[in-house]
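Visitor: Hello! I am new to this structure and would like to learn how to read it. Could you walk me through some of its features?

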Amino acid sequence: MHATLKKRLGKYALLATLVVSYLFLYLPILHIGLGSFAKNHTFPYPPRWTLDTFGRLFGNSLYQTAFFNSLLLGIGAAALATLLAAAATLGLMRHAGQRAGLYLTLFIAPLFVAEVLVGIASLIFNGLVLELQGNLVSAILANAVHGFSYALLIIATQLYRYDWRLDDAAMVFGASPSRTFFEVTLPLIWPGLLGAFIVTFIMAFNNLEISFYLLGATPTLPSVAWGALRYGVKPELYALATAVNLVVVLGLGLMFVLMLTGRASFGHRPERERAV
Amino acid sequence: MRRRWAAALLLGVPTVFLLALFVVPLLSMVVLSFWRTENYHIVQEWNVGNYVTLATGGAYVTFLIRSLVMAGVVSLVSILIAWPVSYAIILYGGRYRLLLTLAFAVPFLTGEVLRVIALQGLLGPLGLINAVLMALGSAPLRFIMYTNVASAIGLVYLYLPIVVTVIYLSLLNFDARLIDAAKIFGASPLRAFVEVTWPLNLFGTLIGFALCFIPCLSATLAPRFLGGPNGTLYGMAMAQQFGESGTWALGAAMGVVLFLTSIVAVLLVGMRVNLRRTGFTGLGRG
């Protein structure tokens, strides 16, 4: 009796921590979400509903340009990072041999260097050695460096359990390496690639600490938001944050639905369900 | 022959990419830190003046110590929160485990600026907490408005998601039958945790620590918008060298200091760990 009571207390304590953490994470987001739909945006309880803020946000041409630049930056960096990370993962698992440790260290090193240092180092390199002004391409490249390591980890969790004998089987039956890749490997690993693309896209789209130093005068959503934040928070910023949050939730929700319906597994391995 | 081509392509291209866009820029930062800036112009003259300034200028030493304390406290607090959270998800999450973990990733993915905006909505003078307090008729909390406490809360908010994800992944790959085995042989739940669960997930915990400590050490946004007049951190001071003051060489030296400090901190923590005994399962090559 005593033991079950103790066990139950432990359970409630764990669950309480979980709930409190979610509250801590989501209260600010919900608060500004509500604020962006309300006239009384600093304290929207109860809210007086309005869509004016969103109207102003979407009507503002600066935000429109910034949005398209961010989109470009996100797609470019994510495509580059995913492609390179996929190649690197395949190389690591199939061809690296003895030197795998060395390559792996280089490949995940960007994870252990703060974003702002990547940004500043690239700024110095561009400014001093290449004598380049700030531009979108440098920002894409620098974001791809940072995204590369994240993409590598995501793709690696997917490929960890990949059965390479499938490739060997295809080749035994006469398929060329490229045909093997496109007809056997790719169809089995694409969820990992898509997951890596989505995550690196969202990261590059929202990045400030790297992009800020490399963009020059090119506005992106985070840099415009940063500029506005310096002059005090405006309701448009609440609306902007809410819009981006909604899109991110939709993206991850899509991943989750694909996973539930069993269409893709994004590195999640159901056979290890009973791990703890 | 063809195999060797594939290897060269698959490993070579990413390696060249990282060398050109990651290693070489970092090296050029090191080179610049030994030059100096004069009136917004860079003078290519080898000297250690920047480092002398950083070591003797009292403010910079204060900023560095404050950053170290801040990053250490924030990482420890994050780990203390993340452990019960990931454990609860693993134990009681059932088929919604993945959704629960993804829910932690959502704020992490929405970008630092937007989350700092959200935090100002929570902690600021007109934020949720103080507005509720004032609506209830009590005085606003001074210690969460533009102070180091506000910065710390902000940094925990920013980096808790990544710590949770890392510890969750570590626990997910941990074989819980080992706990059952320990209990069958008479260990109490506490002892099973201290002697089995904790040491076998130590590697994941340390990765989580590093991935929180490093960005916190170089934080620029949270202290700027949440910290007060006494809240300047090293990363924020560094960013200013590239903005308002235009002293790039000094900023580069600060970058080198930050880089070395984070490497040393991670090595100090990492050296105490015996990889084979901490649940490190190798590089996953089969």
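**Reading helices, chains and contacts**

Guide: Gladly, and let us start with a pair of helices: helix 3 of chain B and helix 12 of chain B are oblique to each other. Keep in mind that this is a predicted model.

Visitor: At what angle do the axes of helix 3 and helix 12 of chain B cross?

Guide: For a pair of helices, look at the angle together with the distance between the axes. Here helix 3 (residues 58–92) of chain B and helix 12 (residues 234–242) of chain B cross at roughly 130°, and their axes come within 8 Å. Angles over 145 degrees would count as roughly antiparallel, so this pair is described as oblique.

Visitor: Which residues of helix 3 and helix 12 of chain B meet?

Guide: From helix 3 of chain B come B:Phe63, B:Leu64 and B:Ser67, and they meet B:Tyr234, B:Gly235 and B:Ala237 of helix 12 of chain B. Sorted by class, the residues of this contact are 4 nonpolar, 2 polar and no charged.

Visitor: Now for the whole chain. How many helices and strands does chain B have?

Guide: Chain B has 13 helices and 2 strands. Its C-alpha atoms fill a box of roughly 80 × 70 × 35 Å along the principal axes. Burial is another thing to read: 45% of the 286 residues of chain B count as buried. Among contacts in chain B between residues at least 6 apart, 70% join residues at least 24 apart.

Visitor: Which feature does UniProt place at residues 64–269 of chain B?

Guide: An unreviewed UniProt entry gives "domain: ABC transmembrane type-1" for that span. A record like this can be set beside the model. Residues 64–269 of chain B are 78% helix and 0% strand in the model, with the end C-alpha atoms 19 Å apart.

Visitor: How many residues of chain A are in contact with chain B?

Guide: To read an interface, count the residues on each side, then ask which elements supply them. Here 76 residues of chain A are in contact with 79 residues of chain B. Several helices of chain A each supply at least two residues of that side, including helix 4 (100–108) and helix 10 (235–260). Helix 1 of chain A gives the largest share, 13 residues. By class, the side of chain A that touches chain B has 61 nonpolar, 13 polar and 2 charged residues.

Visitor: At what angle do helix 9 of chain A and helix 5 of chain B pack?

Guide: Helix 9 (residues 221–230) of chain A and helix 5 (residues 112–123) of chain B pack at about 35°, with axes 9 Å apart. The crossing is left-handed. A:Pro222, A:Ala225, A:Trp226 and A:Leu229 make this contact with B:Val113, B:Leu114 and B:Ile117. The contact has 7 nonpolar, no polar and no charged residues.

Visitor: Let us end with one residue. Is A:Ile189 buried or partly exposed?

Guide: For a single residue, count its neighbours. A:Ile189 has 19 C-beta neighbours inside 10 Å, so A:Ile189 counts as partly exposed; buried would need 20 or more. A:Ile189 sits in helix 8 of chain A. Leaving out residues up to four places away in sequence, A:Ile189 touches A:Gln158, A:Leu159 and A:Tyr162. A:Tyr162 is 27 residues from A:Ile189 along the chain, and their C-alpha atoms are separated by 8.2 Å.

Definitions and conventions:
Residues numbered from 1 in each chain as written. Chains lettered and ligands numbered in written order. Predicted model: local features only at pLDDT ≥ 70, side-chain atom pairs only at ≥ 80, totals over all residues. Axes fitted to C-alpha atoms, helices over the stretch in contact; angles between N-to-C directions. Helix = DSSP H or I, 4+ residues; strand = E, 2+ residues; numbered from the N terminus. Parallel < 35°, antiparallel > 145°, perpendicular 65-115°, else oblique. Contact = placed C-beta atoms within 7 Å. Nonpolar A, V, L, I, M, F, W, Y, C, P; charged D, E, K, R; others polar. Buried ≥ 20, exposed ≤ 12 C-beta atoms within 10 Å, placed from the backbone. UniProt positions renumbered as here; feature names shortened; annotations may be inferred. Left-handed = near helix turned anticlockwise from the far one by under 90°.
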